[in-house]
Amino acid sequence: MSYVIEINNIEKSYGKVKAVDGISLQVKRGEVLGIIGANGAGKSTTLEIMMGLRKPDTGTVTVLGMDITNSSDQIKQRIGIQLQQTALYDRIKVKEALELFSSYYEKKRDVNEIIETLGLRPYLNKFVKNLSGGWQQRTSLALALINDPDIIFLDEPTTGLDPQARLELWGCINRYRAEGKTIILSTHYMDEAQKHCDRIAIIKKGKLISCDVPKSLIHSLGNDNATLEDVYLQYAVGN
Amino acid sequence: MQSILTHTKMEMKLFFRETLALLFTFIVPAVSFVVFAIMFQGSSYDGGLDYFQAYIPSMIAIIIFTTAFFSMGLQIVIDREKGVYKRLKGTPLNQRAIFTATIIKGFFAIYIGAIEILLIAKFGFSTNLTSHAFQFFLALTFCSVTFFSIGFIVSSLAKRMNTALGIAMIAMYPMMFLSGATIPLEAFPEILQNVSYIVPLTYVVNVLRDGWNGTLFTADALVDIGILTGVLIVSAIIGMKYFKWTD
């Protein structure tokens with residue numbers, strides 16, 4: 001089995017709060033892995049450790065066969081990230097953000113192709129902060145794709161979007177999934193996780209409770225009518 | 001290298017889109033300079049300086065302060081709060097490059113602001129500019145670096161934009177009025193003149209005046225330069241200990 005990410009027994013604390021408590025996980029090449037859990041469960045911290053944005057207190061993380069602490073620069077050339085916030089300068093235009101981020105990478109995907117695929121052309125000369133949430137997220141996704149990454153990290157990509165914008169964003173994400181990109185995302189929308197993710201990791205209080213295909217997780221409840229929402233309530237919220 | 005250049009160019013482009021930065025860097029000092037020149041250009045100041053010898057350095061000192069506190073200290077907090085640096089951390093651009101771009105932006109703003117004041121003095125009031133350009137440039141660069149380090153303290157102490165703005169606004173009044181940059185210190189009662197000794201911009205005003213008037217390399221300038229060097233060292237130590245690009 002070809003794993004693009006292997007995390008082994010990682011822990012991360014903020015003061016006295018243990019955000020991640022001994023998580024081990026492998027991500028297969030080309031899969032869409034969803035991470036679910038309540039607010040404060042440790043989803044974002046786990047994702048950010050995989051992205052190289054935070055260092056774990058203990059444990060190891062290997063991304064694309066490289067240790068994240070020793071080969072951070074090489075890894076960053078090959079991953080794309082989208083954070084919960086759009087996280088861009090206040091007065092930057094869409095076109096400028098694309099040019100700026102493109103300059104950071106050695107390998108570049110055709111920017112015009114990304115613009116067309118994500119429908120950003122009418123918005124190129126607009127300030128990112130003046131766009132609606134959906135278009136800001138598309139801009140963020142475009143920046144995550146600018147280096148034609150092997151792995152795309154999406155931290156709650158559809159949070160705060162209306163149903164139409166969510167649907168459209170998933171259309172975009174699925175186009176890149178079809179190219180064989182590995183996608184790792186966190187979400188609070190169980191319908192999205194069930195529909196789009198190959199496997200789902202459930203995190204509760206910093207621990208990995210389960211990681212399996214949606215069908216198996218649902219089957220584990222022993223109820224034929226159960227949904228992933230029931231799985232969430234059982235594993236991520238229940239005591 | 002290409003990424004550092006592009007990032008620096010973008011930082012400068014974004015600087016020119018910040019209304020507050022433009023107001024404090026280019027408009028307030030220039031307008032103050034013109035208004036004071038109209039009112040006081042026949043007066044003489046501390047040490048027998050004429051208005052232009054005293055106030056060209058003073059207005060440029062204000063530009064150094066506003067750039068360091070607003071365009072750097074405050075702006076870093078705003079960008080950090082928005083998650084910009086966290087997002088950049090996920091790219092191959094390293095933090096040294098971001099720091100370099102921020103410093104270049106600061107120098108760029110100060111030099112442009114200084115040139116603006118010089119052009120107003122030269123063409124608006126037909127005054128002779130300094131014949132000690134090198135000393136003035138040296139003083140300007142040294143004072144800028146010192147205040148950049150204070151700007152980084154602001155962004156080290158303030159986690160939120162409102163806090164940084166509060167610090168900058170509170171610092172603005174003593175810096176503007178108790179440093180000799182706008183109102184001559186001799187006009188104040190003794191107690192306020194004594195307060196000026198703890199206002200770092202006082203020493204910037206003095207060192208810039210020394211540079212402008214060709215006395216930078218004399219014993220008279222040593223105390224001011226020494227104090228600013230101390231401020232620079234202490235600020236750099238505090239900044240290195242507490243400054244963070246991301247939360």
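**Exercise 1. Find which residues A:Leu120 touches, not counting residues up to four places away in sequence, and decide whether A:Leu120 is buried or exposed.**

Solution. Begin with the neighbours: once residues up to four places away in sequence are left out, A:Leu120 touches A:Ile115, A:Trp135, A:Arg138, A:Thr139 and A:Ala142, where contact means heavy atoms within 4.5 Å. This is a predicted model, in which local features need pLDDT of at least 70 and side-chain atom pairs count only at pLDDT 80 or more, while totals for chains, interfaces and linings use all residues. Residues are numbered from 1 along each chain as its sequence is written, chains are lettered from A and ligands numbered from 1 in the order in which they are written, and side-chain values use heavy atoms, with hydrogens and water left out.

Finally, A:Leu120 counts as buried because its relative accessibility is 0%; buried means under 20% relative accessible area, exposed over 50%, and partly exposed in between, with a 1.4 Å probe and protein chains only.

**Exercise 2. Work out why strand β7 (residues 151-155) of chain A is largely enclosed by the rest of the structure, and which strands it pairs with.**

Solution. First count the buried residues: five of the five residues of β7(A) are buried, so the strand is largely enclosed by the rest of the structure. Then take the faces in turn, remembering that side chains in a regular strand alternate between the two faces of the sheet. A:Ile151, A:Phe153 and A:Asp155 are buried on one side of β7(A), and A:Ile152 and A:Leu154 are buried on the other.

Now turn to the partners, where two strands pair if DSSP finds at least two bridges between them. Strand β6 (residues 79-82) of chain A pairs with β7(A) in the parallel sense over four bridges, and A:Ile79 stands opposite A:Ile151. Strand β8 (residues 182-186) of chain A also pairs with β7(A) in the parallel sense, over five bridges, with A:Ile184 in β8(A) as the bridge partner of A:Phe153. Between β7(A) and β8(A) the chain passes through helix α6 (residues 163-178) of chain A, and this β-α-β crossover is right-handed, meaning that, with the strands pointing away from the viewer, the path from the first strand over the helix to the second runs clockwise.

**Exercise 3. Describe the open sheet of six strands in chain A: what is its strand order, and which strands are at its edges?**

Solution. The order is β6-β7-β8-β3-β9-β10 (chain A), and the pairing is mixed. The edge strands are β6 and β10 (207-212) of chain A, each of which pairs on one side only. An antiparallel part of the sheet is found where strand β9 (residues 199-204) of chain A pairs with β10(A) over five bridges, and there A:Ile200 stands opposite A:Asp212.

**Exercise 4. State how many residues of chain B are in contact with chain A, and what area is buried between them.**

Solution. In the contact count, 25 residues of chain B meet 26 residues of chain A. The area buried between the two chains is about 2,500 Å², of which carbon and sulfur atoms give 57%; buried area is the accessible area (1.4 Å probe) that two parts lose on being put together, summed over both. In chain B, B:Arg17, B:Arg87 and B:Pro92 lose the most area to chain A, together 28% of what that side buries.

Definitions and conventions. Helix = DSSP H or I, 4+ residues; strand = E, 2+ residues; numbered from the N terminus.
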